[in-house]
Amino acid sequence: MTARVVGQLEVLTDANGMTIAVPGVRTPRVVAPGSVAEFVRHDDAGRYRPLSGAKTLPTGWIVRLPLGADPAEVIDAVYPLATIHQRQFAEGSLELV
């Protein structure tokens with residue numbers, strides 16, 4: 001199993017596929033990949049999250065992806081442009097202001 005952390009997300013890959021999660025409960029809520037952007041708009045208390053980078057993601061949820069799937073869609077739904085900025089940084093083309 002391989003694991004990496006992107007902000008508050010834990011991205012785990014094993015022989016069965018990939019999971020992207022924000023832990024917090026024993027039995028996490030399963031969220032469909034296409035529903036992530038709407039789901040993360042509110043924190044655990046139901047308050048609107050105006051800043052996508054705020055450390056107030058709702059906890060206790062998981063997204064399951066099949067083996068070989070690209071997690072970029074889910075990661076970018078939570079942190080817009082995160083994967084693009086990571087790629088640009090690696091290429092040396094990310095412009096910082």
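This is a predicted model: local features need pLDDT of at least 70, side-chain atom pairs count only at pLDDT 80 or more; totals for chains, interfaces and linings use all residues.
Local features were considered at pLDDT of at least 70 and side-chain atom pairs only at pLDDT 80 or more, whereas totals for chains, interfaces and linings use all residues. Residues are numbered from 1 along each chain as its sequence is written, and side-chain values use heavy atoms, with hydrogens and water left out.

The protein contains three helices and five strands, arranged along the sequence in the pattern β-β-β-β-α-β-α-α. These elements are DSSP runs numbered from the N terminus, with helices (H or I) of at least four residues and strands (E) of at least two. The C-alpha trace spans about 40 × 35 × 20 Å along its principal axes. Of the contacts (heavy atoms within 4.5 Å) between residues at least 6 apart in sequence, 57% join residues at least 24 apart.

Buried residues account for 31% of the 97 residues; buried denotes under 20% relative accessible area, exposed over 50%, and partly exposed the range in between (1.4 Å probe, protein chains only).

The largest nonpolar core comprises 19 residues. Such a core is a set of buried Ala, Val, Leu, Ile, Met, Phe, Trp, Tyr and Cys residues joined through side-chain atoms within 4.5 Å. The members that touch the most others are L9, I20, V36, W61, V63 and V78. At least two residues of this core come from each of β2 (9–14), β3 (17–22), α1 (36–39), β5 (61–65) and α2 (72–78). When residues up to four places away in sequence are not counted, V36 touches V31, W61, V63, V74, A77 and V78.

E10 belongs to strand β2 and is partly exposed, with a relative accessible area of 34%. Its contacts, again not counting residues up to four places away in sequence, are R4, T19, I20, A21 and P23. The C-alpha atoms of E10 and R64 are separated by 12 Å, although these residues lie 54 residues apart along the chain.

L81 is located in the loop between α2 and α3 (82–91) and is partly exposed, with a relative accessible area of 46%. Most residues other than glycine have a negative phi. L81, which is not a glycine, has a positive phi of about 70 degrees.
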